[in-house]
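Biologist: Hi! Could you walk me through this one while I have it open on my screen?

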Amino acid sequence: MDVVDKQTRSRIMASVGQKHTGAEIALRTAIHAAGLRYRLHDRSLPGSPDLVLPKYRAVIFVHGCYWHSHGCYKSTVPKSRRGFWQNKFQANRERDARNVRLLVEQGWRVLTAWECVLKGKTAEPAEHVAEAVKAWLESDETVGEMPITMPLDASPANGEVRR
């Protein structure tokens with residue numbers, strides 16, 4: 001059962017922003033600290049990617065786990081009007097796939113970063129996020145998704161094993 005009335009819930013859901021989210025800012029901060037430079041929300045590109053890295057001809061979408069139905073602990077389906085929400089989430093996923101396809105056709109590389117990797121109880125440290133983005137940018141992969149499965153490597157400097 002919801003703790004607020006329907007009108008309040010509707011107002012709250014309608015006020016959820018699409019730009020400058022906490023997850024997006026966490027990613028921007030991490031990769032900027034790592035020396036990567038980018039443009040924000042280029043409306044001339046399909047889907048207005050959250051980050052555009054022209055030097056690498058790459059874009060990054062920061063997807064909210066709830067709105068894009070990621071499948072993690074943050075992506076639930078409301079119990080009321082289930083059909084409506086399932087159709088909405090399906091339409092979002094189809095739009096995402098279409099935007100990725102169009103960007104690739106235009107010669108762009110596309111990385112999707114999920115909110116749960118950037119914020120919350122399953123968030124990765126900022127340094128790991130920046131390393132993963134840099135590794136993807138230096139790879140030959142056209143399309144990628146975070147979390148990126150990085151090979152285990154032993155760091156001889158401090159003896160710890162990192163992912």
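Modeller: Happy to. One definition to start: the expected span of a helix is 1.5 Å times one less than its number of residues. Keep in mind as well that this is a predicted model.

Biologist: Got it. How many residues does H3 have, and what distance does H3 reach from its first C-alpha to its last?

Modeller: H3 has 24 residues and reaches 35 Å, close to the 34 Å expected.

Biologist: Which residues of H3 are buried?

Modeller: Trp85, Phe89, Asn92, Asp96, Asn99, Val100 and Leu103. Just after the helix comes Gly107, with a positive phi of about 90°.

Biologist: Let's talk rings. How many aromatic pairs does the structure hold?

Modeller: It holds two. Phe84 and Trp85 make an edge-to-face pair, with 5.1 Å centre to centre and 80° between the planes. Trp85 also pairs with Phe89, and that pair is tilted: 5.7 Å centre to centre, with 35° between the planes.

Biologist: How many residues apart are Trp85 and Phe89 in helix H3?

Modeller: Four, about one turn of the helix. Together with Phe84 they form one aromatic cluster.

Biologist: And is Phe84 buried, exposed or partly exposed?

Modeller: Phe84 has 38% relative accessibility, so it counts as partly exposed. Trp85 is buried, with a relative accessible area of 13%, and Phe89 is buried too, at 2%.

Biologist: Which residue lies over the face of Phe84?

Modeller: That's Arg81, at 4.2 Å from the ring centre. Elsewhere, the charged end of Arg109 sits over the ring of Trp136, 4.3 Å from its centre.

Biologist: Which residues of E3 are on each side?

Modeller: Ala58, Ile60 and Val62 are on one side, and Val59, Phe61 and His63 are on the other. In a regular strand, side chains alternate between the two faces of the sheet. Both faces of E3 are covered.

Biologist: In what sense do E2 and E3 pair?

Modeller: Antiparallel, over three bridges, with E2 covering residues 51-53. Leu53 stands opposite Ala58 in E3. The two strands form a hairpin with four residues between them, and Arg57 in the turn has a positive phi of about 50°.

Biologist: What about E3 and E4: how many bridges join them?

Modeller: Six bridges join them, and these two strands run parallel. The chain crosses from E3 through H3 to E4, and this β-α-β crossover is right-handed.

Biologist: Nice. Which residue in E4 is the bridge partner of Phe61?

Modeller: The partner is Thr112, which lies in E4, residues 109-114.

Biologist: Is Thr112 buried or exposed?

Modeller: Thr112 counts as buried, because its relative accessibility of 10% is under the 20% cut-off.

Biologist: Last one. Leaving aside neighbours within four places in sequence, which residues is Thr112 in contact with?

Modeller: With those neighbours left aside, Thr112 is in contact with Phe61, His63, Gly144, Glu145 and Met146.

Definitions and conventions. Residues are numbered from 1 along each chain as its sequence is written. This is a predicted model: local features need pLDDT of at least 70, side-chain atom pairs count only at pLDDT 80 or more; totals for chains, interfaces and linings use all residues. Side-chain values use heavy atoms; hydrogens and water are left out. Buried means under 20% relative accessible area, exposed over 50%, partly exposed in between (1.4 Å probe, protein chains only). Contact means heavy atoms within 4.5 Å. Rings of Phe, Tyr and Trp (its six-membered ring) pair if their centres lie within 6.5 Å; planes under 30 degrees apart count as stacked, over 60 as edge-to-face and the rest as tilted. A charge sits over a ring if NZ of Lys or CZ of Arg is within 6 Å of the ring centre and within 35 degrees of the ring normal. Two strands pair if DSSP finds at least two bridges between them. A crossover is right-handed if, with the strands pointing away from the viewer, the path from the first strand over the helix to the second runs clockwise.
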